[in-house]
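Here is a short report for a first look at this structure. Keep the sequence and the 3D view open while reading.

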Amino acid sequence: MYVLADASVSTAAAATAVDSAAVAAPQRAGGWVAPLADALEQVLYALQEGLDKLHVPYSYGYSIILLTLIVKLITYPLTKQQVESAMAVQALKPRIDLIKDRFGEDKDKIQKETSVLYEQAGVNPLAGCLPTLATIPIFIGLFSSLTNVANDGLLDTQGFYFVPSLAGPTTMAMRQSGLGTSWLLPLSPDGTPPIGWEAAAAYLTLPVLLVLVQYASSSVTTPPIDPKDENANTQRALLVFLPLMVGWFSLNVPAGLSLYYLANTVLSSAIQIYLKKLGGANVVMNELGPVTKPGSGRRNGVAAAGWSAWKPVTVMTTAEAAKARAEAEAEVERAREAAEEAAAAAAFDNSSVMSMSVDDAAAGRGAGPITGVAGAPAVAIDPSKVNRRCKRRRLTSLVQDGSAASTAAAGMSA
């Protein structure tokens, strides 16, 4: 009996909470955001009145879209700067990969070298944060202005095509009390939401479209995730769950705010595609030269020398380096021998003691005694003793020896 009584009390309390939330006095935005919210709210009213004069249907819905468009145009320079900074940092990613591959787990060295890279490239990685921070107050002000309009009841009778009312299916007061999805959940025993499937389906259209646009925008504008990045799993989780979180949030606010989220997402995606895919962004950075694959490039000099000295080189194994060194030394030796042979050939051709050419002697033609001084015995030269690689040098030596022997013999006979 006491259990039934407690259950009845709980049910009554829950019903009272819902009713209290539904009739709670609307609260306007206050604090530092109040002036900005009031200004944007006045712009919204002016747009709505202008559209009414032009007999445009669903004037409040279109005024929300136009106000969102105006805000995006005002903040476009900041968005452009943020995108350009992000693209510049993304362009340096191959070089950052080189740094990480070179220094491994040395975090301090990687950070130092990365800072030098940013400095030499003329890129400020924090430049993209400032525009983002500047747009946050504007976003909060726009959100607060639309919240004020919804709380004032101006959207109660304003629908937008298939959406019955831009003020439904919930209120900001119900959201703040944790009952923002009471229009949808819990389902009745027969699977019907509290407001019925017809109205629920109409209100669910905007959140579903918002989630789909979020996924489409992420797939087009988000760069590929580096599997080697230590935050790769976090990035994947954000790409999957962030659109769902936005969709869940849109279930807890009036449809007018969901319409704003949808318009803002579509316009933001269009701007991102224009800047990143259609050449709207102008990325300015210093030229650093070609980039090789990770692990095959090194930077010459110390960090202070700058990344302008970056040159791609070929990394060889120890065996390949030894082989290349041996080939270089052999080439030097061949050049030295060729120079010595040329000098010996010149001396040999000018000698007055030769009776035949070096080529004939080396080839074996006319092999026989070479006459030195008249009357002196000749010295025979065997061509087979001449080395092929340095035949001229060996032949010259033999001729000089033969000339000396002939001279000595002539002196003795005299």
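V213 is in contact with L262, T265 and V266, leaving aside neighbours within four places in sequence. Contact here means heavy atoms within 4.5 Å. V213 and V266 stand 53 residues apart in sequence, yet 7.0 Å apart in space, C-alpha to C-alpha.

V213 is found in helix α9. Helices are DSSP runs (H or I, at least four residues), numbered from the N terminus, and strands are E runs of at least two. V213 has a relative accessible area of 21%, so it is partly exposed. Buried means under 20% relative accessible area, exposed means over 50%, and partly exposed lies in between (1.4 Å probe, protein chains only).

## About the model

This is a predicted model, where local features need pLDDT of at least 70, side-chain atom pairs count only at pLDDT 80 or more, and totals for chains, interfaces and linings use all residues. Residues are numbered from 1 along each chain as its sequence is written, and side-chain values use heavy atoms, with hydrogens and water left out.

## Helices α2 and α3

Helix α2 spans residues 34–53 and helix α3 spans residues 59–74. Their axes come within 8 Å and cross at roughly 130°. Axes are lines fitted to C-alpha atoms, for helices over the stretch in contact, and angles run from 0 to 180 degrees between N-to-C directions. α2 and α3 are therefore oblique to each other. Angles under 35 degrees count as roughly parallel, over 145 as roughly antiparallel, 65 to 115 as roughly perpendicular, and the rest as oblique. α2 passes α3 in a right-handed crossing. A crossing is right-handed if the near helix is turned clockwise from the far one by less than a right angle, and left-handed if anticlockwise.

Which residues of α2 and α3 meet? From α2 come L40, V43, L44, Y45, L47, Q48, L51 and D52. From α3 come S59, Y60, Y62, S63, I64, L66, L67, I70 and V71. By class, this contact of α2 with α3 has 13 nonpolar, 3 polar and 1 charged residues. Ala, Val, Leu, Ile, Met, Phe, Trp, Tyr, Cys and Pro count as nonpolar, Asp, Glu, Lys and Arg as charged, and the others, Gly among them, as polar.

## Helices α5 and α6

A second pair is α5 (residues 93–103) and α6 (residues 107–121). Their axes come within 10 Å and cross at roughly 155°. α5 and α6 are therefore roughly antiparallel to each other. Their crossing is right-handed.

On the α5 side, the contact is made by R95, I96, I99, K100 and F103. On the α6 side are K109, I110, E113, T114, L117 and Y118. The classes are 6 nonpolar, 1 polar and 4 charged residues. In α5, R95, I96, D97, L98 and I99 are buried. G104 follows α5 and has a positive phi, near 60°.

## The nonpolar cores

Which residues of the largest nonpolar core touch the most other members? They are L155 and L166, in a core of 33 residues. A nonpolar core is a set of buried Ala, Val, Leu, Ile, Met, Phe, Trp, Tyr and Cys residues joined through side-chain atoms within 4.5 Å. α2, α3, α7 (129–151), α9 (197–221) and α11 (255–276) each supply at least two residues of this core. α11 gives the most, with 6 residues.

L166 touches Y60, G61, I64, L155, Q158, G159, F160, P254, A255, G256 and L259, not counting residues up to four places away in sequence. Another core, of 10 residues, lies apart from the largest one. Its members include A88, L92, I96 and L117.

## Backbone details in the loops

Two cis peptide bonds deserve a look. One joins G168 and P169, with omega about 0°. P169 is found in the loop between α7 and α8 (172–176). Another runs from L185 to P186, with omega near 0°. P186 is found in the loop between α8 and α9.

Y58 is not a glycine, yet has a positive phi of about 55°. Y58 is found in the loop between α2 and α3. Its relative accessible area is 32%, so Y58 is partly exposed. Y161 also is not a glycine and has a positive phi of about 55°. Y161 is placed in the loop between α7 and α8.
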